[in-house]
Amino acid sequence: MGLLLCRTDGTLININPAYAAILGHTVPETLNLNDRQITPENYAASDRASLENLETTGRYGPYEKELIHKDGHLVSVRISGLMIDKDGEQVIWCSVENISELRHAQQERQCTEQILKQSEARYRSLVISTTQILWVSTPEGICFER
């Protein structure tokens, strides 16, 4: 479980090694990153909504999004945050869970379910179409329709 402490502008104050590992960086490298460097642009609107919710309620999440790994691939994560007071400053305490394997398993299951549905539909159509044909075979095994 990745843990981090950051300012409301996204500046990281402190992180644990698990959070750095989720991003594929070392702890010092990660502390030098800003939110724009690790978050895909398509999450900007939802991140703003989460921050607004955080300011209103003092917490956000859990919600799912993706972060950019050091090698460029996207990592699916589940994030929760809590506004806390640290030395008179309002900061965000977050937990970040890597759910990439869960996402991959869900995608595989959906693909398998789709293949199974297609197979069942094909089987049903064959059963329906073959039950409408009446055929007879001779003792020599020659088939003919009736």
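Which residue just after α4 takes a positive phi? I looked: Gly58 does, at about 90°.

**Ground rules.** I am working on a predicted model, where local features need pLDDT of at least 70, side-chain atom pairs count only at pLDDT 80 or more, and totals for chains, interfaces and linings use all residues. Residues are numbered from 1 along each chain as its sequence is written, and side-chain values use heavy atoms, without hydrogens and water. I took helices (H or I, at least four residues) and strands (E, at least two) as DSSP runs, numbered from the N terminus.

**Sheet.** I traced an open sheet of five strands in the order β2-β1-β5-β4-β3, with antiparallel pairing. Pairing needs at least two DSSP bridges between two strands. β2 (12-15) and β3 (59-68) each have a single partner strand, so one side of each lacks a neighbour in the sheet. I then checked β1 (residues 2-7): it pairs with β2 in the antiparallel sense over three bridges. Leu4 has Ile15 of β2 as its bridge partner.

**Helix α4.** I found α4 (residues 44-57) lying across β3, β4 (74-86) and β5 (89-98), at about 155° to β3. Angles run from 0 to 180 degrees between N-to-C directions, with axes fitted to C-alpha atoms, for helices over the stretch in contact. Contact means heavy atoms within 4.5 Å.

Next I looked up burial (buried is under 20% relative accessible area, exposed over 50%, partly exposed in between; 1.4 Å probe, protein chains only). Asp47, Ser50 and Leu54 are buried in α4. They cover an arc of only 60° around the axis, which puts them on the same side of α4. I noted the arc uses directions from the helix axis to the C-beta atoms. The buried residues of α4 pack against α3 (35-38), β3, β4 and β5. On the other side, Ala45, Arg48, Glu52, Glu55 and Thr56 are exposed.
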